[in-house]
Amino acid sequence: MQTSTMIDAMRPPSPAEPGAGVYSNKLGMWVFLASDVMFFTALIGSYIILRFGMTDAWAAPGAVLNVPLTGINTFLLICSSVSMVKAYAAIADGKKYFLRPVLGKTLRDGGLKFWLLVTILCGAAFVGVQVYEYIKLVEHGFTPAGYREGSQLAEHALADPIKYGAQTGAMFGSTFFTMTGFHGFHVTCGVIAMSYLYVTKVLPEKYSPQDYRGIETIGLYWHFVDLVWIILFTIVYLI
Amino acid sequence: MTSVAPAKPDAHGGGAHHAPMSFWQKYIFSTDHKIIGIQFLFVSLFFLLLGGLLAMQIRWQVGFPGKPMPGGGILPESMVVNGVILPEYYIQLVTMHGTFMVFFAIMPLLVGVYANFLIPLKLGAHDMAFPRINMWSFWLALLAGLIMLAGFFVPEGTSRAGWTMYAPLSARPDLSGATVGQMLWCVSIVVLGLSSVMGSVNYITTIINHRAPGMTWFRMPLSVWALFVTAILAVLALPVLQGAAIMLLFDQTIGTHFFDPVAGGQALLWQHLFWFFGHPEVYILILPAMGMVSDIIANGSRKPIFGYHSMVFAIIGIAFLGWLVWGHHMFMSGMNPTLGSTFMVSTLLIAVPSAIKVFNWMGTMWRGNLRFHVPMLNAVAFVSMFTIGGLSGIFMAATPVDIPIHDTYFIVAHLHYVLFGGSLFALFAAIPFWYPKMFGRMMDERLGKIHFWLTFVTYNLVFFPMHMIGMGGQMRRLYDPTIYDFLKPQQPLNEFITISAFALFAVQLIFAFNFLWSLKKGKKAPQNPWDDNGLEWSLPNPAPHGNWAPQTPNVYRGPYEFSSPEAGDADFLPQTKKLPTDRDPVPAPLPTGGH
């Protein structure tokens with residue numbers, strides 16, 4: 001593959017018109033994120049139309065979902081966004097670690113290797129908790145098709161149809177699993193991409209303060225996925 | 001993989017693009033935008049042929065219902081019994097003709113082929129911004145096409161809900177009678193959407209960031225402008241279809257109920273999602289054609305394009321309005337009538353930028369020194385046929401008129417006037433025009449002219465009478481018109497259309513022959529066979545791998561300087577030609593690092 005690598009190196013950047021003022025990877029990621037916004041808009045828009053076009057009561061989220069657990073999961077994902085920023089700042093400054101005085105002591109603050117690893121682990125933990133949540137929900141009787149016949153949840157719904165949204169369980173299940181599932185899929189893709197960068201670029205120290213485009217580009221994606229989750233958590237789990 | 005490049009570690013060393021590459025690297029898993037464009041060309045021409053074959057079967061059934069179809073014996077019993085097409089197979093034909101033509105023939109022909117091939121060549125870039133993603137975009141498109149094709153080979157046959165996949169028919173196998181075929185449709189569309197988004201991200205990034213020095217926004221050819229706006233439409237519209245297709249797939253597989261009213265879902269939601277994608281899609285299918293036709297008409301008229309800026313803003317205006325009109329597909333769906341009036345007004349507004357374009361094309365040709373080469377003939381046909389299609393569109397945009405003609409052959413006539421008369425004529429113009437750039441040879445001019453005139457005549461014989469049949473009340477997708485007494489008097493017209501359609505199909509074989517024959521036997525192309533100004537003609541035919549690498553050309557003017565007094569004896573002035581009065585453009589510093 002030597003030929004193609006050499007060709008790649010010869011491709012633009014070459015003299016060019018002023019473009020967007022940012023390098024192509026970043027611009028491409030922005031365009032892709034615009035496209036991803038439309039994808040989630042289709043899913044979230046459908047959810048809003050289905051839920052608020054419904055004449056029957058929608059289940060109180062807390063009655064069906066484990067909101068505290070997912071609250072912790074949300075916190076985990078927000079933390080991963082913070083660690084992503086730290087990873088980015090570390091490589092932009094070109095430091096392996098920072099030294100900072102805290103309460104009379106000097107603490108070592110990690111560099112790119114440390115903070116990107118934290119991000120990957122937080123992301124992976126988020127997916128893990130989500131899988132656990134799905135398993136528990138299905139056991140409890142909450143499926144994409146609605147409340148499973150004869151399950152604990154179906155019995156609750158019979159007893160209190162308003163609180164559990166007995167008539168709208170099918171739509172709750174459909175929208176819940178589709179939206180959160182595709183968000184989880186995005187997180188998984190991000191974790192895989194970051195792990196790949198970690199092994200091929202970060203560990204061999206290929207990034208430098210002169211070129212850390214991969215980190216910035218994947219960072220954009222990661223913050224976007226985080227942002228989508230904050231919206232999803234609000235509209236699915238809280239209201 | 002087996003070939004070894006001459007060792008030259010210097011990243012900016014010239015000449016490395018002449019290094020030998022294995023066949024696989026060069027033609028199959030190629031990252032060269034030109035090869036990818038050509039790959040798209042062959043694959044989508046195959047699907048165009050397939051879509052045409054499906055159309056012929058539809059026409060046989062409508063023209064001669066209940067009569068054994070010639071050659072029908074080779075199809076299995078599940079499709080054709082005693083040579084007669086079964087209703088179950090007929091609806092599959094209708095569905096797949098639409099699906100293949102829209103998603104796997106016209107869209108990749110316009111965008112896959114010409115966005116890939118033209119954008120770097122016309123902008124002076126060495127390749128796309130992301131060549132490997134570009135390669136993936138092609139292979140995913142091919143995969144999607146094969147998945148769609150696989151539907152014909154599963155026991156219940158392929159999808160049966162029409163290319164628009166209206167729910168709940170598409171969502172419920174007990175209604176449509178097809179299980180796997182319906183799922184394959186959804187999977188294929190999701191994969192195709194991915195391919196399309198990958199391609200479009202590439203086109204947008206390349207156009208913004210990879211223009212040669214001097215290629216300012218308003219020196220870009222209109223074809224590139226149109227492809228740029230199309231890519232923006234695709235990037236924002238395809239994900240919506242993907243989301244909808246995923247919901248539909250979940251309805252069919254894991255038991256969700258998005259589109260099933262019985263369990264609280266909304267069938268109308270599918271229509272909204274589909275047409276929210278579907279109407280921008282209409283402009284994805286016509287804008288690149290308009291762009292390429294603009295280039296070709298200016299070339300054939302030997303005049304600058306009339307109203308360049310108004311052309312650009314008309315493209316942008318059409319694309320913007322395209323987002324606000326999806327409801328005009330749904331006037332009869334039970335949607336709120338007040339909403340219908342809103343959609344009617346926004347739809348009629350699109351006539352304004354469209355008319356600007358048509359008048360600009362006519363203004364370009366007016367008193368031009370016309371050269372009626374094959375691309376020009378087809379481009380002129382595009383303008384006239386698109387105008388007819390646009391005018392019949394106004395009929396249906398008006399709600400009171402739409403009520404009686406909705407879902408009749410009138411709409412079939414309309415959409416074929418814009419898709420065949422529009423997009424396909426533009427492609428018959430574009431293919432011979434850029435053929436020498438692709439293959440280094442010319443397509444035969446005489447065969448091209450014969451093909452053009454026969455196509456033009458038979459095409460009108462096929463589709464114009466459909467307006468009348470539609471006014472007469474014949475429903476689209478109708479299996480057998482003769483079962484209705486009120487449609488019986490129209491049957492001779494149906495037979496006439498069918499015979500014309502067979503003639504139209506036969507005429508396309510001339511094109512296929514010309515295309516394939518010229519690959520090996522065509523006349524060797526001179527470097528600039530059409531005396532055009534575009535950057536691509538400053539390269540040899542076919543263009544080498546890497547285009548201008550390691551240099552980039554300087555651009556001194558717009559692409560439409562035909563018959564300019566500054567050009568001296570020639571009647572064209574290439575964009576790269578430096579006149580004594582021209583100053584070299586100053587390249588911008590490149591963004592570096594992480595900023």
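Two residues are in contact if their C-beta atoms, placed from the backbone, lie within 7 Å. Helices (H or I, at least four residues) and strands (E, at least two) are DSSP runs, numbered from the N terminus. The model is predicted, and local features need pLDDT of at least 70, side-chain atom pairs count only at pLDDT 80 or more, while totals for chains, interfaces and linings use all residues. Residues are numbered from 1 along each chain as its sequence is written, and chains are lettered from A and ligands numbered from 1 in the order in which they are written.

Chain A contains 8 helices and 4 strands. Along the sequence their order is α-α-α-α-β-β-α-β-β-α-α-α. Of its 239 residues, 42% count as buried, where buried means that 20 or more other C-beta atoms lie within 10 Å of a residue's own, exposed that 12 or fewer do, and partly exposed is in between, with C-beta atoms placed from the backbone. Among the contacts in chain A between residues at least 6 apart in sequence, 76% join residues at least 24 apart.

The rest of this account concerns chain B. Two packed helices are described by the angle between their axes and the distance between the axes. Axes are lines fitted to C-alpha atoms, for helices over the stretch in contact, and angles run from 0 to 180 degrees between N-to-C directions. In chain B, helix H3 (residues 87-123) packs against helix H4 (residues 131-150) at about 165 degrees, with the axes 11 Å apart. That angle makes H3(B) roughly antiparallel to H4(B); angles under 35 degrees count as roughly parallel, over 145 as roughly antiparallel, 65 to 115 as roughly perpendicular and the rest as oblique. The crossing of H3(B) past H4(B) is left-handed, a term used if the near helix is turned anticlockwise from the far one by less than a right angle, and right-handed if clockwise. On the H3(B) side, the residues that meet H4(B) include B:Thr99, B:Phe104 and B:Gly112. Their counterparts in H4(B) include B:Asn134, B:Ala141 and B:Met148.

Helix H3 of chain B also holds B:Leu121. This residue counts as buried, with 24 C-beta neighbours inside 10 Å. Leaving aside residues up to four places away in sequence, B:Leu121 touches B:Leu535, B:Glu536, B:Ala543 and B:Asn547. The C-alpha atoms of B:Leu121 and B:Lys437 are separated by 9.8 Å, although the two are 316 residues apart along the chain.

B:Met198 and B:Asn134 are 64 residues apart in sequence and 6.9 Å apart in space, C-alpha to C-alpha. B:Met198 is buried, with 22 C-beta neighbours inside 10 Å.

Helix H7 (residues 222-253) of chain B has 32 residues and spans 45 Å from first C-alpha to last, close to the 46 Å expected; the expected span is 1.5 Å times one less than the number of residues. H7(B) bends by about 25 degrees at B:Ala234, the bend being the angle between axes fitted to the seven residues ending there and the seven starting there. Since 31 of its 32 residues are buried, H7(B) is largely enclosed by the rest of the structure. Helix H8 (residues 267-284) of chain B has a kink of about 25 degrees centred on B:Trp275, and 15 of the 18 residues of H8(B) are buried.
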